[in-house]
Amino acid sequence: MYEANPHMYGDDASAPARHAAERFAADGTNAVLELGSGHGRDALHFARRGFLVHATDFSATALDQLRTRARQEGTADRISTLVHDVRTPLPLPDGSADAAFAHMLLCMALFTEQIHDVVTEIRRVLRPGGRLVYTARHTGDSHYGTGIDHGDDIHEHGGFAVHYFDRALVDSLARGWNLAEVHAFEEGGLPRKLWRVEQVKP
Ligand SMILES: C[S@@+](CC[C@H](N)C(=O)[O-])C[C@H]1O[C@@H](n2cnc3c(N)ncnc32)[C@H](O)[C@@H]1O
């Protein structure tokens with residue numbers, strides 16, 4: 001997809017990334033781990049705001065696009081990238097990130113158990129007091145229940161499989177964290193209906 005549609009999510013930072021940057025700054029954050037960064041519209045925003053960003057995605061093509069843009073705009077010294085599939089453990093030390101961000105990653109083609117495993121890994125690599133901001137499409141989205149049903153609230157529409165979150169899933173992912181906020185918002189022309197969730201590692 002990224003080869004056929006370079007910079008497919010646009011060059012402007014997403015609304016949740018803008019919000020997260022404010023929160024991360026207020027927390028005194030230095031290093032941000034972004035999972036599922038794609039071509040980096042949000043990683044670039046975090047770097048412009050002065051954070052050190054470790055951006056991961058399983059698309060090497062998307063991360064190439066991110067590095068090229070970072071070099072062009074002079075933020076490459078604040079961004080590192082890693083090709084990584086979140087269905088495997090994060091190759092990062094415990095407590096090595098001050099904050100984590102994942103926009104529309106956890107609602108990709110992941111089963112509930114895999115989503116729990118990813119959040120457990122994020123918790124491990126965050127320092128105590130570290131904040132996770134993630135977003136996920138939810139069961140109020142107009143595509144929920146349409147297309148190919150893969151079970152476990154995963155539906156495939158137009159070649160994309162999405163795991164639509166219900167509130168029980170959000171709450172279960174926040175167990176052992178301090179759940180700070182669940183905020184409903186929309187993105188894009190569909191529009192996609194999402195929740196922005198903030199939770200803090202005790
Ligand atoms: C909906 S896109 C959002 C991209 C980016 N966060 C943004 O908002 O511009 C989801 C991203 O998750 C990545 N992704 C999907 N499944 C993944 C997995 N199992 N491991 C790592 N990345 C994955 C995709 O390559 C894609 O870049």
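Modeller: Please keep in mind that this is a predicted model. Let us start with F51, which has a relative accessible area of 4%. The cut-off for buried is under 20%, so F51 counts as buried.

Colleague: And what about F46, buried or exposed?

Modeller: F46 has a relative accessibility of 0%, and therefore it counts as buried too.

Colleague: How many aromatic pairs does a search of the whole structure find?

Modeller: The search finds seven aromatic pairs. One of them joins F46 and F51, with 6.4 Å from centre to centre and 70° between the planes. This pair is edge-to-face, because planes over 60 degrees apart are classed that way.

Colleague: Which residues form the aromatic cluster?

Modeller: F46 and F51 belong to one aromatic cluster together with F24 and F101.

Colleague: Let us change topic. Where does the ligand sit?

Modeller: The ligand is located in the largest pocket. It is surrounded by 16 residues, of which Y2, G36, R41, D57 and H103 are the closest.

Colleague: What kinds of residues make up that shell?

Modeller: The shell around the ligand contains seven nonpolar, five polar and four charged residues.

Colleague: Which backbone atoms lie by the nitrogen atoms of the ligand?

Modeller: For G36, a backbone N or O atom is 2.7 Å from a ligand nitrogen atom. For V86, the corresponding distance is 3.0 Å, and for H103 it is 2.9 Å.

Colleague: How much of the ligand's accessible area does the protein cover?

Modeller: On its own, the ligand has 590 Å² of accessible area, and the protein covers 93% of it.

Note on methods:
Residues are numbered from 1 along each chain as its sequence is written. This is a predicted model: local features need pLDDT of at least 70, side-chain atom pairs count only at pLDDT 80 or more; totals for chains, interfaces and linings use all residues. Side-chain values use heavy atoms; hydrogens and water are left out. A residue is near a molecule or strand if one of its heavy atoms lies within 4 Å of it. A polar contact is a pair of N or O atoms within 3.5 Å; within protein, one must be able to donate a hydrogen and the other to accept it, and residues adjacent in sequence count only if both atoms are side-chain atoms. Accessible areas come from the Shrake-Rupley method with a 1.4 Å probe; for residues, only the protein chains shown count as cover. On a 1 Å grid over the protein atoms alone, a cavity is a set of points where a 1.4 Å probe fits but cannot get out, and a pocket is an open set with protein on both sides within 12 Å along at least five of seven lines; lining residues have an atom within 4 Å of a point. A molecule sits in a cavity or pocket if more than half of its atoms lie within 2 Å of its grid points. Ala, Val, Leu, Ile, Met, Phe, Trp, Tyr, Cys and Pro count as nonpolar, Asp, Glu, Lys and Arg as charged, and the others, Gly among them, as polar. Rings of Phe, Tyr and Trp (its six-membered ring) pair if their centres lie within 6.5 Å; planes under 30 degrees apart count as stacked, over 60 as edge-to-face and the rest as tilted. Buried means under 20% relative accessible area, exposed over 50%, partly exposed in between (1.4 Å probe, protein chains only).
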